[in-house]
Amino acid sequence: EGIKMLAIGEAMKSVRKQCGLSQKELGETLAVSQSYISQVERGYEVPTPMFIKLFCLLYSIDESNFNFG
């Protein structure tokens, strides 16, 4: 499970950086804290399916990129 969580976090970090956003800016867009974004990116927190869905909708990402199960 740790590798799966890290893969999701790494993918989110990559998209965030491509969009030129800080963790704080991304968190504000998604109504979560900068700390939560940091924990997801480092694989310490598992984002909910709804969080992933919202992230994908806002940044025009195919949600299947996050189906690691």
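The model is predicted, so local features need pLDDT of at least 70 and side-chain atom pairs count only at pLDDT 80 or more, while totals for chains, interfaces and linings use all residues. Residues are numbered from 1 along each chain as its sequence is written, and side-chain values use heavy atoms, with hydrogens and water left out.

**Stop 1: α2 and α3**

Select residues 23-30 for helix α2 and 34-41 for helix α3; helices here are DSSP runs of H or I with at least four residues, numbered from the N terminus. Their axes come within 8 Å and cross at roughly 110°. Each axis is a line fitted to C-alpha atoms over the stretch in contact, and angles run from 0 to 180 degrees between N-to-C directions. That makes α2 roughly perpendicular to α3 (the term covers 65 to 115 degrees).

Now show side chains: Q23, K24, L26, G27 and L30 of α2 meet Q34, I37, S38 and E41 of α3, where contact means heavy atoms within 4.5 Å. By class, this contact has 3 nonpolar, 4 polar and 2 charged residues. Ala, Val, Leu, Ile, Met, Phe, Trp, Tyr, Cys and Pro count as nonpolar, Asp, Glu, Lys and Arg as charged, and the others, Gly among them, as polar.

**Stop 2: α2 and α4**

The axes of α2 and α4 come within 11 Å and cross at roughly 105°, which makes α2 roughly perpendicular to α4. Pick L26, T29 and L30 on α2, then F51, L54, F55 and L58 on α4, to see the contact. Its residues divide into 6 nonpolar, 1 polar and no charged.

**Stop 3: the aromatic pairs**

How many aromatic pairs does the structure hold? There are 2, a pair being rings of Phe, Tyr or Trp (its six-membered ring) with centres within 6.5 Å; planes under 30 degrees apart count as stacked, over 60 as edge-to-face and the rest as tilted.

Select Y36 and F51: this pair is edge-to-face, 5.3 Å centre to centre with 75° between the planes. Y36 is buried at 17% relative accessible area, and F51 is buried at 6% (buried means under 20%, exposed over 50%, partly exposed in between, with a 1.4 Å probe and protein chains only).

Next come F55 and Y59, a tilted pair with ring centres 5.4 Å apart and planes at 45°. F55 is buried at 1%, and Y59 is buried at 19%.

**Stop 4: A11**

Finish at A11 in helix α1, residues 2-18. A11 is partly exposed, at 25% relative accessibility.

How values were computed
Helices (H or I, at least four residues) and strands (E, at least two) are DSSP runs, numbered from the N terminus. Angles under 35 degrees count as roughly parallel, over 145 as roughly antiparallel, 65 to 115 as roughly perpendicular and the rest as oblique.
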